[in-house]
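This report describes how one protein chain is arranged, for a reader who is new to protein structure. Please look at the sequence and the model before reading on.

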Amino acid sequence: MKAAIYSRKSKFTGKGESTQNQVEMCKEYAKKHFNIDNEYIIYEDEGFSGGNADRPEFQRMIDHAKKKRFDILICYRLDRISRNISDFTSLIELLQDSNIGFVSIREQFDTSTPMGRAMMYIASVFAQLERETAAERIRDNMLQLARSGRWLGGNCPTGYESEPIIYMDNNLKQKKMFKLSPIGDELELVKLIYGKYLELQSLSQLESYCMQNEIKSKKDKYFHKYSLRNILTNPVYAVADSYVYDYFSTNEAQICNPRNEFTGNKGIMAYNKNSVKKGKSVKTRDISEWIVAIGKHKGIISGKDWVKIQNLINKNKALAPRQGTSYAALLSGFLRCAKCDSFMKVKYGQIKKGTGKRHFYYVCNTKGVSKQKLCNVNNLKGEKADNEVIESLKNLIGSGVVKNLDKAKDDIKIKEMENKKLYAKIEENKKAIDNLLKKLSLTDNESVSRYIMDEIEKLDSRNKDLELKLSDESEVTEMESFNIDLLKESIINFAKTVDSSTTTEKRNMLKSIIDKIEWDGEELNINLLEIKPS
């Protein structure tokens, strides 16, 4: 019987004390109740929340469960597995379908009994309730902080920096909060961006204007449409006046201040703007979810102009065609300029008389936006480039690439064997240390004690060297072997089916083979996906 042990802690410290303690308790339980001594597969996730299943070791465990690599899954506590009912239920169903048992030590749940299964589901409901209650408390706290108009931290918007303010609370205790303090030259740049957008009324033209005039961000990078849009839609620059109040009220945002306080003296602070995943902002929420308050800083753009710009951006967004997703251009999204690393975008020519066919070209985005000032790489004929890439990939089978993949897989197997030997030697040394410690506890002879201690130190030093070597080698994993098989299969499948596939199907196949394709003005350079652990 083989047991899987899963441990997790949300905060990454690099020390692993908490996860290691969980593992040891699970081992003791397995030995006592199932007579399992060394047949373990350990899965440890450190620095990952239990709120979702996007955890590397958890996903590896799921994959192994589908392949029935173990007979029972043991965890220290239920919420170590998941705090989400949907994820938890999916896991239990998978384990049941695979005839794999599940034990949670703390709650004493065992899925081999109907009562154990029922109690497990009930406990998972309470785990999610606790999580949702915590999220509600955080939101209530955010609302309370928002009313103060303070800066809650993070990357400061262009034109401002964080400044501490000392104040006295209701209990006359000294407290500190932060507000946004202006940076003069950066705010002048922001005003220029807003003024130019009102003049040009186009993000593309504004992007082109900034590049041609070498107007750069505070990080000395050229402004692109995405960063310009972020500045233009950030309410932090807007003056808190009646226009802004009416705009947010119409869009059903939660406004912390009454309308009569929007007098035009201060700026706006918007909280809960972006959804966050693993500490990174990933998506702007709908305005109806924002929490809007009057800030402690001064706004620089009149509410009337700011609202006008929001309406223009929304109108243009609705009218703008999607770029880089042509159904005719195969390499859209893969092809980059080798000179400036910008994406190559699709540009269509005139319809050819007689055939009614429209040719297309791949054009460097930076070249087009800067009017050739920042890049002058040659345009690339679309049909010719697409066909060249297809033929190159079809020829991979006969070029030795597939054989090289097979060799790489053999090398991985050799390294895996070496790792097993290292693990075995480390365990052997640990047992020797345990035996020496027992002998040390039984002797009173000082010279014998000193000899034993010297031997323990030698063994411990050897283990540290072995662990260092193991940490370097252990990047080679079973997942790497899986990735090699996947890449090999994708190349073979592409060669067999590409001629009868649609452009969309071809592009989907390319995603499993190609990392990126570069064009230097003369030649195409195809970069295959790297083989690395997931």
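## Report on the predicted model

Phenylalanine 360 and tyrosine 362 are both buried. The model in which they are found is a predicted one. These two residues also form an edge-to-face aromatic pair, with 5.6 Å centre to centre and 90 degrees between the planes.

### The chain as a whole

The protein chain holds 16 helices and 18 strands. Of its 534 residues, 39% count as buried. Among contacts in the chain with a separation of 6 or more, 64% are accounted for by residues 24 or more positions apart.

### Aromatic pairs

A pair of aromatic rings is described by the distance of the centres and the angle of the planes. The count for this model comes to 13 aromatic pairs. One of them joins tyrosine 348 and phenylalanine 360, a tilted pair with 6.1 Å centre to centre and 55 degrees between the planes. Tyrosine 348 lies in strand β14 (residues 344-351) and phenylalanine 360 in strand β15 (residues 358-364), so that the pair links parts of the chain twelve residues apart.

Phenylalanine 360 counts as buried because its relative accessibility is 5%. Elsewhere, Tyr247, Phe248, Trp290 and Trp306 form one aromatic cluster.

Strands of a sheet pair through backbone hydrogen bonds, either parallel or antiparallel. In this model, five strands form an open sheet in the order β2-β1-β3-β4-β5, and the pairing is mixed. Its edge strands are β2 (40-46) and β5 (109-110), each of which pairs on one side only. Helix α2 (residues 56-66) packs on the sheet and touches β1 (3-9), β2 and β3 (72-75); the direction of α2 makes about 150 degrees with that of β2.

| Strands | Sense | Bridges | Residues opposite each other |
|---|---|---|---|
| β1 and β3 | parallel | four | isoleucine 5 and isoleucine 74 |
| β3 and β4 | parallel | four | cysteine 75 and serine 104 |
| β4 and β5 | antiparallel | two | valine 103 and aspartate 110 |

Strand β3 is covered on both faces: Ile72 and Ile74 on one side, and Leu73 and Cys75 on the other, are all buried.

### Strands β13, β17 and β18

Another set of pairings involves strand β17 (residues 514-519). Strand β13 (residues 335-337) pairs with β17 in the parallel sense over three bridges. Here cysteine 337 has tryptophan 519 in β17 as its bridge partner. Strand β18 (residues 524-528) runs antiparallel to β17, and five bridges join the two. Lysine 516 has asparagine 527 in β18 as its bridge partner. Together β17 and β18 form a hairpin with four residues between them. Glycine 521, in the turn of this hairpin, has a positive phi of about 100 degrees.

### Two helices in contact

Two packed helices are described by the angle between their axes and the distance between the axes. The axes of helix α6 (residues 184-200) and helix α8 (residues 225-233) come within 10 Å and cross at roughly 95 degrees. Angles of 65 to 115 degrees count as roughly perpendicular, and α6 is therefore roughly perpendicular to α8.

Which residues meet where α6 and α8 are in contact? On the α6 side they are Val190, Ile193, Tyr194 and Tyr197, and on the α8 side Leu228, Ile231, Leu232 and Thr233. By class, this contact of α6 with α8 has seven nonpolar residues, one polar residue and no charged residues.

### Glycine 295

Glycine 295 is found in the loop between β12 (291-294) and α10 (303-319). Is this glycine buried or exposed? Buried means under 20% relative accessible area, and glycine 295 therefore counts as buried, at 5% relative accessibility. Leaving aside residues up to four places away in sequence, glycine 295 touches Gly149, Lys266, Gly267, Ile268 and Met269. The C-alpha atoms of glycine 295 and valine 239 are separated by 9.7 Å, although these residues are 56 residues apart along the chain.

Conventions:
Residues numbered from 1 in each chain as written. Predicted model: local features only at pLDDT ≥ 70, side-chain atom pairs only at ≥ 80, totals over all residues. Heavy atoms only, no water. Pairing = 2+ DSSP bridges. Contact = heavy atoms within 4.5 Å. Axes fitted to C-alpha atoms, helices over the stretch in contact; angles between N-to-C directions. Parallel < 35°, antiparallel > 145°, perpendicular 65-115°, else oblique. Nonpolar A, V, L, I, M, F, W, Y, C, P; charged D, E, K, R; others polar. Phe/Tyr/Trp six-rings, centres within 6.5 Å; stacked < 30°, edge-to-face > 60°. Buried < 20%, exposed > 50% of the residue type's maximum accessible area, 1.4 Å probe, protein only.
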